[in-house]
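Please examine the sequence and the structure shown below. A short report on selected features follows them.

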Amino acid sequence: MLTRRPRRLRITPALRSMVRENQVAVTDLIYPLFVSERIASRVPVGSMPGVFQYTVEEAAMEALAAWKEGIQSVLLFGIPAEKDEQAQQAYAGEGIVQRAVRAIKKAAPQMIVITDVCLCEYMSHGHCGIAEIEGDHVHVLNDASLELLARAAVSHAAAGADIVAPSDMMDGRVSAIRAALDEAGFENTAILSYAAKFASAFYGPFRDAAESAPQAGDRRSYQMDPANALEALREVALDIEEAADMVMVKPGLPYLDILWRVKERFEMPTAVYHVSGEYAMVKAAAANGWVDERGTTLEVMLAFKRAGADLIVTYAARDVAKWLRGG
Ligand code: PBG
């Protein structure tokens, strides 16, 4: 006779839920929104079914709809009408993100508004910092870029952002942003740092959505090499020293090992970014009838929780919220 029978606790749904170790809550979700100054009404993103570029007014309505479904936070990306070599619209008082923050706060005052702080969408060359470009050779200037990132973060805080999320991967950006926020009187604006962000092929669809693909070269001189895990821990340690309030690992599913190590080691509020390519893969396979969209997406969300994520940035947030409600 077998005495050890793990299956005893799997017999009924109630037993299974009694011993379940992890679950996804709607409050774990962060919903990214693309806000564009170049459109008159929403435009679907071809490589990301269900994702749109919105006008400011539409973004506010979308945020409100998400809020009513229990989603407590949005992450904003801006697509400006004008791009230049100083990313001026990234820190313009009336810039697209700054206007969107104010509109969302008006429509859904309790919504936690997080802004992506990066320059790539605002730079004519599409790099995440000030760049010197000679043919294929791109040199992204670190320290000169910090000042612009800090100005962008302060302008987001001034518009009412609760949390700023630097995603550029320049060295020292968290300190620079913290100092600038404090100096401007925004000591309560938190920083969610994209601390371990890899140079990933999974960002492809996002660059369509945000119109931010680099015109020359790639991002490997600032985003991390996908081969490196220990370096990711050093990056996260630095950002925490520099006063990051929360840290993020990005992408998600191919980097669960990094997520796990970061949470184990630092015990910080930890976010994971379920990136555009991960979202697009499930959408494409589901559209072909090859995987079940609800089942695969919820399993991915659960995997993030199991690996240590407190927060999940996902384009599927509204679907996940619906499925969690049993829809
Ligand atoms: C901006 C930024 C990117 C993403 C988030 N912020 C693109 C990039 O680094 O090229 C990617 C998000 C996604 O793929 O969903 N730097």
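The model is predicted: local features need pLDDT of at least 70, side-chain atom pairs count only at pLDDT 80 or more, and totals for chains, interfaces and linings use all residues. Residues are numbered from 1 along each chain as its sequence is written, and side-chain values use heavy atoms, with hydrogens and water left out.

Helices (H or I, at least four residues) and strands (E, at least two) are DSSP runs, numbered from the N terminus. Buried means under 20% relative accessible area, exposed over 50%, and partly exposed in between (1.4 Å probe, protein chains only). Thr-270, Val-272 and His-274 point one way from S11, while Ala-271 and Tyr-273 point the other way. In a regular strand the side chains alternate between the two faces of the sheet.

Two strands pair if DSSP finds at least two bridges between them. S11 pairs in the parallel sense with strand S10 (residues 246–250) over 3 bridges, and with strand S12 (residues 311–314), also in the parallel sense, over 4 bridges. Val-249 stands opposite Val-272, and Thr-314 in S12 is the bridge partner of His-274.

**The nonpolar core**

A nonpolar core is a set of buried Ala, Val, Leu, Ile, Met, Phe, Trp, Tyr and Cys residues joined through side-chain atoms within 4.5 Å. The largest such core has 116 residues, and Tyr-273 and Phe-304 are among those that touch the most other members. Helix H4 (residues 142–159) gives the most to this core, with 9 residues. Contact means heavy atoms within 4.5 Å; leaving aside residues up to four places away in sequence, Phe-304 touches Val-272 and His-274, among others.

**Backbone features**

Most residues other than glycine have a negative phi, and most peptide bonds are trans. The peptide bond from Lys-250 to Pro-251 is cis, with omega near -5 degrees, and Pro-251 is found in the loop between S10 and helix H8.

| Residue | Phi | Relative accessible area |
|---|---|---|
| Met-169 | near 70 degrees | 4%, buried |
| Glu-211 | about 50 degrees | 31%, partly exposed |

Met-169 lies in the loop between strand S8 (163–166) and helix H5 (173–183), and Glu-211 in the loop between H6 and helix H7 (230–241).
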